[in-house]
Amino acid sequence: MEKLLRISKIIDNCTERIGRFTSWLVLVMILLGVWNVIGRYLGRISGNNFTSNAYIESQWYIFDLVFLLGAAYTLKHNEHVRVDIFYSNWPPRRKALADLLGTIFFLIPFCIIVIIFSWDAVVASWQIKEASSDPGGLPRYPIKAMIIVGFVLLIFQGISQAIKNLAILQSRIEPQEENHDAGL
């Protein structure tokens with residue numbers, strides 16, 4: 001179990017770094033959005049074009065990155081939306097069991113299914129170097145590849161969460177150490 005907990009810690013550290021990087025992308029996305037709005041109005045006033053489809057698509061792509069790369073970080077911090085009408089009142093060990101079963105039977109299989117069904121579309125997009133149909137748009141194939149990357153990261157974080165929940169069930173670690181607060 002100690003080796004598994006070390007693996008979990010490595011995964012958690014990677015997820016934390018990616019999540020912190022991703023959080024900065026939110027600021028970039030907001031700044032791009034502000035520029036897109038200001039540039040459009042300044043362009044109307046001056047008769048010049050201060051924004052482009054590339055800027056608009058960049059904002060969309062950054063949102064995609066925030067969503068896809070941030071999912072594992074959100075899971076690590078137990079911040080996903082859940083209907084916890086029962087869960088919130090459960091003792092920590094029961095929460096760990098529910099989380100372990102949910103990870104094994106729902107999260108990981110769902111991620112695998114998304115990867116399988118996305119794979120051909122992502123490969124085809126790379127083969128043809130798919131690009132936006134809008135004038136001045138961006139290539140689409142790199143952002144499509146992030147679907148695979150995001151769900152692989154989510155699988156890894158799910159494995160880390162499963163390890164920690166198993167350790168809680170075996171009384172190897174305390175639940176409060178791993179974000180299993182009674183109020184969640």
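In which helix is G70 found? G70 is found in helix 2, which spans residues 53-76; helices are DSSP runs (H or I, at least four residues) numbered from the N terminus. This is a predicted model, in which local features need pLDDT of at least 70 and side-chain atom pairs count only at pLDDT 80 or more, while totals for chains, interfaces and linings use all residues. Residues are numbered from 1 along each chain as its sequence is written, and side-chain values use heavy atoms, with hydrogens and water left out.

**Surroundings of G70**

- With a relative accessibility of 12%, G70 counts as buried; the term means under 20% relative accessible area, whereas exposed means over 50% and partly exposed covers the range in between (1.4 Å probe, protein chains only).
- Apart from its neighbours within four places in sequence, G70 is in contact with T22 and L65, contact being defined as heavy atoms within 4.5 Å.
- G70 and S8 are 62 residues apart along the chain, and their C-alpha atoms are separated by 18 Å.

**Packing of helix 1 and helix 4**

- Two packed helices are described by the angle between their axes and the distance between the axes.
- The axes of helix 1 (residues 2-46) and helix 4 come within 9 Å and cross at roughly 135°; axes are lines fitted to C-alpha atoms, for helices over the stretch in contact, and angles run from 0 to 180 degrees between N-to-C directions.
- Helix 1 and helix 4 are therefore oblique to each other, given that angles under 35 degrees count as roughly parallel, over 145 as roughly antiparallel, 65 to 115 as roughly perpendicular and the rest as oblique.
- The crossing of these two helices is left-handed, which is to say that the near helix is turned anticlockwise from the far one by less than a right angle.
- Helix 1 contributes L4, L5, S8, I11, D12, T15 and I18 to the contact, and helix 4 contributes L153, F156, Q157, S160, Q161, I163, K164 and A167.

- Three aromatic pairs are present in the structure; rings of Phe, Tyr and Trp (its six-membered ring) pair if their centres lie within 6.5 Å, and planes under 30 degrees apart count as stacked, over 60 as edge-to-face and the rest as tilted.
- One of them joins F110 and F151 in an edge-to-face arrangement, at 6.1 Å centre to centre with 65° between the planes.
- F110 belongs to helix 3 (residues 92-127) and F151 to helix 4 (residues 141-169), so this pair ties together parts that are 41 residues apart in sequence.
- F110 is partly exposed at 49% relative accessibility, whereas F151 is buried at 14%.
- W126 and Y141 form another edge-to-face pair, at 4.6 Å centre to centre with 70° between the planes.
- This pair links W126 in helix 3 to Y141 in helix 4, 15 residues apart.
- W126 has a relative accessible area of 37% and is partly exposed, while Y141, at 17%, is buried.

**Loop residues with positive phi**

- K129 is placed in the loop between helix 3 and helix 4, and its phi is near 50°, a positive value in a residue other than glycine.
- K129 is partly exposed, at 47% relative accessibility.
- K129 also lies over the face of Y141, at 5.2 Å from the ring centre; a charge sits over a ring if NZ of Lys or CZ of Arg is within 6 Å of the ring centre and within 35 degrees of the ring normal.
- N78 lies in the loop between helix 2 and helix 3 and has a positive phi near 55°, in a residue other than glycine.
- N78 counts as buried, at 15% relative accessibility.
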